[in-house]
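Dear colleague,

Please find below the structure I am handing over to you. My notes on its helices, sheets and cores follow it.

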Amino acid sequence: MSIDLSQFHQVFFEESFDGLDIMEQGLLNLSTDQPDSETINSIFRAAHSIKGGSATFHFTVVAEFTHVLETLLDEVRNGDRAVTSQMIDLLLKSVDCLRTILSKLQAKKPVNKSDYKPIEDELTALIENETNSDSISLDSDPELNDKKSMPSKAGETIWQIEFIPESYIVRTGNEPIRMFRELESLGELTVEANTSKVPYLEELEEDSCYLSWSMTLVGDIEKSAIEEVFEWVVEDCQLSIEIVESKSATEENERKAESSKPNQSEDNVHADSKNSSETKISVDTKSTIKTAPKLSAGSSASVEKQLSNTAESSEEKSTSTVASATSSSIRVGIDKVDSLINLVGELVITQSMLGQMGEEFDITKLERLKEGLMQLEQNTRELQESVMQIRMLPISFVFNRFPRMVRDLCGRFDKKVDLIITGENTELDKTVMEQIGDPLVHLVRNSLDHGIETPEIREAAGKSATGKVELNAFHQGGNIVIEIVDDGAGINREKVLSKAIERGLVQENQELSEAEIDQLIFEPGFSTADVVSDVSGRGVGMDVVKKNINALGGSVYVESTPGVGSTFSIRLPLTLAILDGQLIRVGSQTYVVPLTSIVESIQIKSPDVLKIAGGLDIYKLRDDHVPILKLYDTFNIDTKNKDYHNSILVVVETGGKKIGFMVDELLSQQQVVIKSLETNFIAIEGISGATILGDGRVALILDVLGMLKRLSTKNKNQRERAA
Amino acid sequence: MIDVDEDLTSAYLMEIEYNENSEPEDLGDEYLGFALEGETYCVDILSVKEIRGWSEPTVLPNAPSYVKGIINIRGDIVPIVDIRERYQLSESTYSKTTVIIILSVTSGNKSRVMGIVVDAVSDVLNIKQEKIKEAPKNGNRLNDENVLGLYNHNNKVYILLNVESLLDLSEIKQYYSRQFDLEAVGE
């Protein structure tokens with residue numbers, strides 16, 4: 001190979017994982033009675049792309065495996081084979097198997113034969129059941145078979161190669177010169193270009209190829225090696241590879257692959273002009289930039305397919321970025337980039353306007369200056385939003401893995417479950433997305449394992465035998481809310497409570513509300529599953545779920561009605577980088593409270609403060625009682641104002657609990673950029689980060705959840721001391 | 001408040017380098033000297049990011065008293081530690097010449113930035129490795145843990161500090177967790 005291919009490996013893996021996700025989704029949507037041909041085609045295309053890519057990068061294991069897979073899919077596509085549920089199962093298993101192989105290759109680990117052999121054998125067995133279709137499969141893709149069947153030969157051979165590409169070849173991202181270079185590395189190459197079809201300059205379309213070539217290649221070369229060079233373009237050209245003269249006896253192999261779909265009328269443009277090499281270069285760049293290629297099933301090269309697949313529908317996008325921690329690239333829609341460029345353009349205009357004004361400023365222009373500054377502010381805000389948009393991905397990236405999981409788990413538990421997904425286009429920050437996958441998987445598993453009952457029990461309880469699990473995502477305030485709703489048995493509160501007492505999580509005589517009992521399932525070391533299954537029930541699940549979600553600045557809450565079902569609500573910040581904040585002052589210090597968590601701010605009226613034994617003060621807020629956290633006390637800040645009288649209570653809420661911060665003054669509200677304290681320092685309980693204010697000073701951002709935790713541990717101990 | 005401009009500092013450093021370069025022999029590594037309670041200490045100049053005047057940092061709640069707070073350095077949040085207080089030299093008083101030296105250390109593939117408060121910056125010295133003498137252990141924590149060695153020059157003793165251990169955060173971490181434990185048992 002003349003080019004270092006390893007630089008493309010990452011792309012190949014990403015695209016392959018994308019392809020696998022497309023296959024998986026397609027397979028799940030495939031019904032056995034009425035297979036949708038478009039679905040089958042998309043599965044086939046994905047498999048074909050993976051095969052093509054893996055062969056190019058010499059991942060022969062993958063290529064051979066996908067080839068078998070493709071053979072089967074091809075039969076289905078041609079209608080030679082009916083879709084059965086066993087076949088779908090097997091195909092899904094193959095997808096898993098490919099995913100394993102690919103991740104192993106990506107991690108540069110050796111692939112064991114046991115990883116794929118059993119499934120490959122199953123596939124082959126399935127294919128051989130129907131022998132008459134074999135010819136088709138051979139026809140559709142002979143390279144690999146040739147590779148196997150060709151005995152190794154020695155001696156010099158003279159090959160005559162006729163290469164007549166379709167006029168659209170360069171648009172598929174293929175560059176003939178590269179192929180010639182590769183052929184050159186195989187042996188002695190003589191190329192003759194046929195320019196008879198080149199039209200007059202004014203008729204010449206810059207991205208069409210009017211040339212054809214005949215080549216003579218001399219050397220000890222196998223046909224498969226030559227074919228490999230043309231592997232990406234066989235479908236887009238007329239190609240013949242023939243032996244002219246051979247010094248050793250060789251079996252003659254001939255093949256002619258023709259494009260299945262002529263899509264251009266430019267073929268009949270007529271011929272003369274000479275210059276072509278220049279055209280070719282410009283064409284090459286054009287074709288790589290091109291982003292929205294036509295979708296012509298089966299006719300275009302794999303690269304194009306890959307592109308069109310992703311462009312086709314956002315739902316078909318994958319979870320590959322989520323699945324592999326190593327990939328840190330992000331795919332951004334071209335529209336988002338365009339809008340960004342527009343905004344930057346506007347910003348530049350505003351800047352030059354202000355610059356001009358600054359050069360010859362006098363007081364009469366003050367009004368215009370103000371206007372300009374306002375425009376600048378708007379531009380900046382829009383730009384900021386636009387940049388944040390780049391990090392936003394639809395939550396379908398995470399949701400897409402669930403249909404498969406639910407299907408598998410249903411089989412394992414003998415339960416019937418319908419999975420209903422809504423709001424999969426809700427956008428979420430990429431970082432949040434990566435972190436939320438595992439907790440969600442756990443919650444869904446939990447719903448299936450503990451929530452939904454077996455069909456018999458359901459029928460006995462008067463419910464339909466098929467359970468229902470809903471996954472919803474929607475925006476609420478500045479948050480994204482993800483709900484996992486099941487119509488199962490709900491939480492067995494008695495069992496939970498007795499377990500909690502047994503584990504020492506609550507005291508025997510402690511009074512707990514129903515909602516409080518429900519939240520106990522998030523405590524560490526808690527599992528009520530009678531039988532520990534490998535799905536859930538090891539008691540490490542829910543507390544980890546809660547911890548992970550809290551770490552993201554979110555919260556999780558469960559509501560449950562016995563016999564009717566449970567709803568898990570996850571509330572997450574839209575982004576981790578920017579936050580709407582309320583600035584508050586305590587003593588000489590300024591802090592930021594996330595605006596989304598603030599319920600209200602009120603002037604404290606001393607008569608409404610209830611002093612409760614143990615040093616805890618409670619504020620009576622209408623019918624609610626809110627514990628007061630004196631910030632100056634908790635943070636050891638020196639302030640003159642230690643009285644309730646002149647202070648303000650900022651009531652915040654998180655995870656269904658309220659707490660009031662006692663502060664000296666409310667300052668402005670503004671968007672702040674969150675900076676981590678951990679970069680140069682360590683994390684501090686109760687502080688989620690820092691930000692830089694307009695005047696360059698640093699202000700700390702309060703972590704409401706952490707503060708709440710602080711308060712509750714303090715209270716608990718005070719209670720214990722009092723007891 | 002005096003702001004030592006970074007460019008000025010580096011220009012000054014470059015000048016010194018230039019002078020030194022005119023002599024052919026190897027002069028050893030460069031160190032930045034600073035005064036702390038009458039003594040002169042030095043740190044490897046390659047770990048010095050910038051020198052700036054004292055400005056009141058944002059206080060971190062419940063931090064050990066020697067952590068003065070955090071400041072904003074061109075968008076980075078940088079913690080400031082007072083070496084005097086940390087190693088119980090004496091009470092700190094901040095004067096006109098008090099400066100913050102911003103140091104950076106790389107551990108693993110992460111680099112971390114932190115500022116130390118010192119009385120004044122003195123000069124830049126070239127010190128050859130073989131001229132550094134081992135410091136006697138005297139029970140003072142600043143010496144025993146953080147001193148690389150001593151260097152005599154013009155009848156003055158320079159104390160070479162190990163930046164890495166100087167910026168070590170484990171003690172602060174311990175302080176916080178201890179404090180949280182204290183709170184947990186009811187102070």
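In α5(A), the buried residues are A:Y116, A:I119 and A:L123. Their arc around the axis is only 75 degrees, which puts them on the same side of α5(A). Please note that this is a predicted model. The other side of α5(A) carries exposed residues, namely A:K113, A:S114, A:K117, A:P118, A:D121, A:A125 and A:E128. Against what do the buried residues of α5(A) pack? Their partners are α3 and α4 of chain A. As to length, the 16 residues of α5(A) should span 22 Å at 1.5 Å a residue, and the end C-alpha atoms are 21 Å apart, which agrees.

Helix α4 of chain A covers residues 85-106. Its 22 residues should span 32 Å at 1.5 Å a residue; the distance of 31 Å between the end C-alpha atoms agrees with this. Buried positions in α4(A) are A:L91, A:S94, A:V95, A:L98, A:I101, A:L102 and A:L105. These residues cover an arc of only 130 degrees around the axis and therefore lie on the same side of α4(A). The buried residues of α4(A) pack against α1 (9-29), α3 (60-77) and α5 (113-128) of chain A. Exposed residues A:S85 and A:Q86 sit on the face of α4(A) turned away from the buried side. Just after this helix, A:K108 adopts a positive phi of about 60 degrees.

**The sheet in chain A**

Five strands of chain A make up an open sheet in the order β6-β8-β9-β11-β10, and the pairing is mixed. At its edges stand β6 and β10 (555-561) of chain A, each pairing on one side only. From one strand to the next, the twist averages 15 degrees. Two helices pack on this sheet. Helix α16 (residues 402-413) of chain A touches β6 and β8 of chain A, and its direction makes about 170 degrees with that of β6(A). Helix α17 (residues 430-451) of chain A touches β6, β8, β9 and β11 (565-573) of chain A, with its direction at about 20 degrees to that of β9(A).

Within the sheet, β6 (residues 417-422) and β8 (residues 467-476) of chain A run parallel and are joined by six bridges. There A:I420 has A:E470 as its bridge partner. Between β8(A) and β9 (residues 479-486) of chain A the pairing is antiparallel, over eight bridges, and A:N472 is partnered by A:E483.

**The sheet in chain B**

An open sheet of mixed pairing is formed by five strands of chain B, in the order β8-β1-β2-β10-β9. Strands β8 (120-127) and β9 (147-153) of chain B are at the edges with a single partner strand each, so one side of each is left without a neighbour in the sheet. The twist here averages 30 degrees from one strand to the next. β9(B) is joined to β10 (residues 156-161) of chain B by six bridges, and the two run antiparallel; B:N152 stands opposite B:V157 in β10(B).

**Nonpolar cores**

The largest nonpolar core has 76 residues, of which A:V593, B:C42, B:I101, B:L103 and B:I116 touch the most other members. Beyond its neighbours within four places in sequence, B:L103 is in contact with residues including B:V43, B:V48, B:M114, B:I116, B:V163 and B:L167. A second, separate core of 37 residues includes A:F397, A:L409, A:L440 and A:M542.

With kind regards

Notes. Residues numbered from 1 in each chain as written. Chains lettered and ligands numbered in written order. Predicted model: local features only at pLDDT ≥ 70, side-chain atom pairs only at ≥ 80, totals over all residues. Helix = DSSP H or I, 4+ residues; strand = E, 2+ residues; numbered from the N terminus. Expected span 1.5 Å × (residues − 1). Buried ≥ 20, exposed ≤ 12 C-beta atoms within 10 Å, placed from the backbone. Arc of directions from axis to C-beta. Contact = placed C-beta atoms within 7 Å. Pairing = 2+ DSSP bridges. Axes fitted to C-alpha atoms, helices over the stretch in contact; angles between N-to-C directions. Core = buried A, V, L, I, M, F, W, Y, C linked by C-beta atoms within 7 Å.
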